[in-house]
Amino acid sequence: MAENLGFGVDIGGSGIKGGVVDMDTGELIGERYKVPTPQPSTPGACAGAVREVIGHFDWEGPVGITVPAVVTKGTVRSAANIDAGWIGTDASELFTSTLNRPVTVLNDADAAGLAEDRYGAGRDFDGVILLLTLGTGIGSALIYRGTLVPNTEFGHIEVEGKEAEHRAASSVKDRRGWSYEKWAGQVSRVFREYEKLLWPDLIIVGGGVSRKADKWVPLLEVKTPVIPAKLLNTAGIVGAAMASQRD
Ligand code: BGC
């Protein structure tokens with residue numbers, strides 16, 4: 001049995017998932033447990049759901065928790081795709097009091113970036129890594145030699161008159177019924193803007209649609225190598241567990 005364990009919870013638009021992480025390998029020990037995200041996804045309702053997820057496991061230690069929003073010093077500062085009641089919430093304080101233990105709160109894409117950098121698609125890569133999660137919105141993480149610059153929020157950069165995530169999140173493809181070809185054209189426009197500003201050495205794409213990366217990554221017209229995330233639906237949990245051990 002592994003000794004070096006952590007625990008992460010990932011709050012997403014549709015589900016709240018958690019699990020015990022083997023910090024030596026970045027793999028989950030046993031199954032992840034998932035409950036539906038309460039609607040409306042208010043801070044109080046989500047805190048109750050997080051407690052339920054953790055209660056499913058025999059875990060007494062500290063936990064890391066992701067939210068799909070900007071987090072500075074434990075306080076949530078934005079709410080593009082979650083209940084507006086999160087803005088200004090001291091999430092660190094809320095979760096610590098609900099869960100009675102030390103808690104670290106961070107942005108969901110930042111957590112995924114940390115996990116991919118250490119255990120996944122960015123492992124052993126030496127250069128500037130830009131991780132982009134394409135889902136309901138676009139999340140971003142910018143990492144250089146293991147150091148993350150938190151809350152980059154590149155999904156909200158304006159690209160040719162429109163917010164990047166309103167152009168190229170996978171939810172746009174689903175909502176409009178676009179083909180991969182059509183959607184890849186929009187993703188390319190957005191990625192080319194990121195290239196101009198950041199000059200990444202590697203782009204890692206995450207989110208559910210990265211499972212079908214072979215259908216659209218080859219269609220992208222960009223300079224930078226683009227590869228799919230490896231941890232897929234566990235990256236947020238693993239990165240949250242990493243963050244809980246760094247505090
Ligand atoms: C939010 C980010 C989040 C991303 C992915 C964006 O709309 O502003 O904080 O990382 O969605 O969930």
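Good morning. I begin with P40, which is placed in the loop between strand 3 and helix 1; helices (H or I, at least four residues) and strands (E, at least two) are DSSP runs, numbered from the N terminus. The peptide bond that joins Q39 to P40 is cis, with omega near -5°. Most peptide bonds are trans, and most residues other than glycine have a negative phi.

Please note that this is a predicted model, in which local features need pLDDT of at least 70, side-chain atom pairs count only at pLDDT 80 or more, and totals for chains, interfaces and linings use all residues. Residues are numbered from 1 along each chain as its sequence is written, and side-chain values use heavy atoms, with hydrogens and water left out.

T37 is found in the loop between strand 3 (27–36) and helix 1. Is T37 buried or exposed? T37 is buried, with a relative accessible area of 7%; buried means under 20%, exposed over 50%, and partly exposed in between (1.4 Å probe, protein chains only). A polar atom of the T37 side chain lies 2.9 Å from the backbone nitrogen of G15.

In helix 1 (residues 43–55) we find C46, which is buried at a relative accessible area of 1%. C46 and I16 are 30 residues apart in sequence, and their C-alpha atoms are 8.2 Å apart in space.

Two residues other than glycine have a phi to report. N100, in the loop between helix 2 (91–99) and strand 7 (103–107), has a positive phi near 55° and is exposed, with a relative accessible area of 67%. E153, in the loop between strand 10 (147–149) and strand 11 (158–159), likewise has a positive phi, near 55°, but is partly exposed at 21%.

E153 brings us to the ligand. Which residues are the closest to the ligand? Of the 13 residues that surround the ligand, the closest are N107, D108, E153, H156 and E165; a residue counts as near if one of its heavy atoms lies within 4 Å. The shell divides into six nonpolar, four polar and three charged residues. Helix 3 (108–119) and strand 9 (138–144) each supply at least two residues of this shell.

As for polar contacts, meaning pairs of N or O atoms within 3.5 Å, an oxygen atom of the ligand is 2.7 Å from an N or O atom in the side chain of H156. A polar side-chain atom of E165 is 2.8 Å from an oxygen atom of the ligand, and a polar backbone atom of A69 is 3.3 Å from a ligand oxygen. The protein covers 93% of the 310 Å² of accessible area that the ligand has on its own, by the Shrake-Rupley method with a 1.4 Å probe. Thank you.

Note on methods: Polar contact = N/O pair within 3.5 Å; in protein donor to acceptor, adjacent residues only side chain to side chain. Nonpolar A, V, L, I, M, F, W, Y, C, P; charged D, E, K, R; others polar.
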